Number of protein chains: 2
Amino acid sequence: MGNFKFIENGSTTSVPGFRAAGVTAGFKRSGAPDFALLVSDTPANFAGVFTSCTFAAAPVRLCRERVKNGGTLSAVAVNSGNANACTGKAGLDNARLTCAMAAARLGITPDEVAVGSTGRIGVQMPMDTIEKGLDLAVAALSADGGNNAAQAIMTTDTVPKAVAVELELDGKKVTIGAMTKGAGMIDPHLVGLHATMLCFITTDVKADNATLQAMLEVNADDSFNRITVDGDMSTNDTVLMLANGKSQVEIVPGSENEKLFKAALLEVMQTLARKMVTDGEGATKVVTVEVVNAKSVKDAKLAAEAVANSLLCKTAWFGNDPNWGRVVAALGYSGADFDPELCDIYYDGVPVVTDGGDAGTPESDLADIVKKDSFTIRCDFKEGGSDYWVWSSDISYEYVKINADYHT
Amino acid sequence: MGNFKFIENGSTTSVPGFRAAGVTAGFKRSGAPDFALLVSDTPANFAGVFTSCTFAAAPVRLCRERVKNGGTLSAVAVNSGNANACTGKAGLDNARLTCAMAAARLGITPDEVAVGSTGRIGVQMPMDTIEKGLDLAVAALSADGGNNAAQAIMTTDTVPKAVAVELELDGKKVTIGAMTKGAGMIDPHLVGLHATMLCFITTDVKADNATLQAMLEVNADDSFNRITVDGDMSTNDTVLMLANGKSQVEIVPGSENEKLFKAALLEVMQTLARKMVTDGEGATKVVTVEVVNAKSVKDAKLAAEAVANSLLCKTAWFGNDPNWGRVVAALGYSGADFDPELCDIYYDGVPVVTDGGDAGTPESDLADIVKKDSFTIRCDFKEGGSDYWVWSSDISYEYVKINADYHT
């Protein structure tokens, strides 16, 4: 679907009117880039979705306030290596100070700046490092800095994640760019957004904040909320979208333009979501869990998420073990309403379970499927018309190693 | 509490009137014992609680029927190595046939026999192996066979788990014995019972089935439902209690005897629950997660279980990392209603978080606590009067190895 195409090496700065930078400020002991600045040359309308975690980090609380107050954004400052979470009033003050410091350097007002943070929880933000990051980043701002910015927001990610697409609307070119980070603490379980992830999206369409917000929320439910690495959710999850209007293409709710733009935006968000699962901490494969023909979407979702989050399923996948008993057990405890005697299960289309019992496919055939880098587990409840799917990853020794050893 | 004392090497056969055996029938490729038979010399009243998994295994469905129909039990036949789950009508027929075969050999009726199974899901029960197991076990039945039986029901358990206590009621000696298996697929999340576990309890009190059932359910909520290893729940969870009345001590609801007996029974069940967590697959430590002063038990439970099941917390514990940020994140996404700015957290009584922020205790002090074989994380919401606790374990490389490689 859609008339969009991907831009090679695309990023947030593939969109006209946006500049970005990624620099080493010193939050990370490793010396890797850890501070990113994204700037819109003109005030941009914007939208945001955030973690539903009760312990929302200071930058999330600040961004929520920005979304609530409306208006425009011109810059986003993001650091990796310190989450500015559980830092109380001082943390929120520091987030505000970051905005003020960025605004002073960019000649804008503090409320035109948003912030994002990821890293260790419970440590106050070193503001001299923020200052250093801002100085370096403002000097480095560039119309092709998007990939540097994507690199600077990484934590346990092994590869930077950026993408851009262009499409034609009203005979004019429209561009969407985005970057994301996130490889662990990722779970789709909660309303709003559910991953240790930061995502920043740029575009040059004209749309008011409410229109942007509606598209972002619906698409987040069909992308970032469909992925799970470990079932944990972060204090810092943030997705922000900025639209500078430079293309002069207007997006009005209910229009054909909206439909096409939203589809392209979904492709961008799903591509990044898929990249996050593929890069899941220690992950060796991506498993799509589909539940079809359930009585309700709620039942389909409960069932798909139970399988996708089952530690026993995830370790079996790592072990190339087709062990469908664990899939069945997870469906069974999911809380979904379904008749086990009707349930069929397929691995990449090959029957595994028929009417709740062994379909008789030789285990070696199934093992060949489970060995692959990606495969699909389809559970057919044969009872209704509701479907749901989730992307999951396996859990390996490496996951345990990363998370047993992780100190920023 | 209680006037009970533990019996050295106690087991189900520490109770007068019970015999047991554990033999190698051939369900397991390893040649380890895999079939247990527990027999009451006289018909015993009984009670049972079971998995709430939709895909309940054939033996669970059969046992539920026994509990519903009431009457008495005289024998329980248990195999490890095959779960008889997802085996459809044939599986249920095989469970019934097992009862009939046991009854014929013991001179009782089939409905006086209960069955339990644990192992691989989705494989029909090899009935010739059941027959061999029954022949060997009937021949081996002995008044000190309880520990052999405990050994024969193990799967990934590294140690057999049996215990017995005795207490004096009305000036007479009363005994409670029990055995359990379970080291993975263990989770406290669901109503009824929530662990890949089998537990068989014997006693010589006189009590009707309803009285036994009430005590068993309440105590299961305070023991087996308080433990989590991996958040997965099994198709086969079963707790059965048999009371043969031989002590002539009657347990009447509301009596002092009931109070004392129930407390002793809880001690037995908690001791076995603790043994299961300690023997959790790959576990190197036991962590008690307490949430106190919550607005409701529901809030306290949601919060405690989120921390206890957090993969990021569990890997941090394995890595001796005091990372309280992960505890805070789990509390935050738990769905519990609490004010993060009021929350205090203690590790073994040492302040870690005060009013939602760093308490300032040096990380090295906290690391010394997290290194221990067992420690307690106490989260004080300072808002209400409701508490909840859970026993959890860490997740190690070994957990992944066991579950990536597990084939019965």
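Analyst: Helices (H or I, at least four residues) and strands (E, at least two) are DSSP runs, numbered from the N terminus. By that convention A:Ala164 lies in strand 6 (residues 161–169) of chain A. The model is predicted, so local features need pLDDT of at least 70 and side-chain atom pairs count only at pLDDT 80 or more, whereas totals for chains, interfaces and linings use all residues. Residues are numbered from 1 along each chain as its sequence is written, and chains are lettered from A and ligands numbered from 1 in the order in which they are written.

A:Ala164 has 25 other C-beta atoms within 10 Å and is therefore buried (20 or more such atoms make a residue buried, 12 or fewer exposed, and a number in between partly exposed, with C-beta atoms placed from the backbone). Apart from neighbours within four places in sequence, the residues in contact with A:Ala164 are A:Ile7, A:Gly10, A:Ser11, A:Ser14, A:Thr175, A:Ile176 and A:Gly177; contact requires C-beta atoms, placed from the backbone, within 7 Å.

A:Ala304 is one of the buried residues of helix 7 of chain A, as are A:Ala303 and A:Val307. Helix 7 (residues 297–309) has 13 residues and reaches 18 Å from its first C-alpha to its last, close to the expected 18 Å (1.5 Å times one less than the number of residues). Because 11 of its 13 residues are buried, helix 7 of chain A is largely enclosed by the rest of the structure. The elements covering its buried residues include strand 11 (286–294), helix 8, helix 9 and strand 15 (374–380) of chain A.

A:Ala303 is in contact with A:Val291, A:Ala294, A:Leu331, A:Ser334, A:Ala336, A:Phe338 and A:Cys379, its neighbours within four places in sequence left aside. In the largest nonpolar core, which has 273 residues, A:Ala303, A:Val307 and A:Leu331 are among the residues that touch the most other members, along with B:Ala303, B:Val307 and B:Leu331. Such a core is a set of buried Ala, Val, Leu, Ile, Met, Phe, Trp, Tyr and Cys residues joined through C-beta atoms within 7 Å.

The domain assignment of chain A (an automatic or database one) gives domain 1 (5–278) and domain 2 (286–405), with C-alpha centres 32 Å apart. Chain A comprises 11 helices and 16 strands, and 61% of its 408 residues count as buried. Of its contacts between residues at least 6 apart in sequence, 80% join residues at least 24 apart.

Where the two chains meet, the contact takes 47 residues from chain A and 46 from chain B. Helix 8 (311–318), helix 9 (324–333), strand 14 (357–358) and helix 11 (397–405) of chain A each supply at least two residues of the side of chain A that touches chain B. Helix 9 of chain A gives the most, with eight residues.
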